[in-house]
Amino acid sequence: MRRARSAAVLAMLAAGAIGVIASTQTWIDVTLDDGAQQTIAVSGADALPVLTPLSLAALALGAALSIVGPVLRYLFGVLGILIAGLVGAGTAQLLFATPVSATAAAVTEATGISGTDAVASLVSGLSLTPWPAVTLLAQVVLAAAAVFTLVTARRWASGASRKYRTAEEAGVAADRPHDAIDSWDDLSRGDDPTA
């Protein structure tokens with residue numbers, strides 16, 4: 001089941017990375033009806049403000065999924081589905097409806113004109129780049145990885161927790177006498193070695 005864990009982790013990391021990259025790319029080219037037919041590039045972060053933070057959260061989930069125990073695997077699977085749903089719904093709305101409100105911040109910054117109605121009257125055309133479609137596909141991958149995590153998490157081998165167990169916790173008897181370092185370790189655990 002090591003491959004299952006690796007597949008889920010890599011898929012979440014890839015989806016999160018694509019989301020972060022997409023947030024910096026142009027999603028919508030807006031043509032303004034201002035006489036000069038000025039074109040404004042609207043980035044993914046401007047078109048969908050939740051894209052960057054939720055993509056970073058997906059990256060963090062993927063990284064943490066490689067070391068967490070069984071209970072957190074399920075929690076991370078659920079969080080992955082929620083992130084994919086939120087970003088996917090927002091991206092799908094932009095991809096299929098392309099609301100002018102998604103471009104309002106960029107148009108206001110470029111022209112100084114604010115208000116949804118004023119911006120809508122100033123916009124003469126909108127054209128999408130491939131980045132919203134790429135982001136939507138990445139969210140499908142994230143959702144699939146999260147569902148795969150929920151289905152297979154029980155069968156994953158224990159991760160890093162076994163690696164960092166002490167000899168006593170692992171059930172291995174110590175082959176050497178108790179020394180000063182062991183006494184300090186006892187103190188750290190709350191045991192008094194002098195008692």
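The model is a predicted one, in which local features need pLDDT of at least 70 and side-chain atom pairs count only at pLDDT 80 or more, while totals for chains, interfaces and linings use all residues. Residues are numbered from 1 along each chain as its sequence is written, and side-chain values use heavy atoms, with hydrogens and water left out.

Start with helix α5, residues 104-111 (helices are DSSP runs of H or I, at least four residues, and strands are runs of E, at least two, numbered from the N terminus). Its buried residues are Ala104, Ala106 and Val107, buried being under 20% relative accessible area with a 1.4 Å probe, protein chains only. Looking down the axis of α5, these buried residues fall within an arc of 165°, so they line one face of the helix; the arc is taken over directions from the helix axis to the C-beta atoms. Their cover includes β1 (26-32), β2 (39-43), α6 (116-122) and β3 (123-128). Just after α5 comes Gly112, with a positive phi of about 85°.

Over in helix α4 (residues 70-96) sits Val78. With a relative accessible area of 41%, Val78 is partly exposed, a label for values between the buried cut-off and the exposed one of over 50%.

As for helix α7 (residues 131-152), Thr152 belongs to it. Thr152 counts as buried because its relative accessibility is 4%. Its side chain, for its part, reaches the backbone oxygen of Phe148 at 2.7 Å.

Key. A polar contact is a pair of N or O atoms within 3.5 Å; within protein, one must be able to donate a hydrogen and the other to accept it, and residues adjacent in sequence count only if both atoms are side-chain atoms. Contact means heavy atoms within 4.5 Å.
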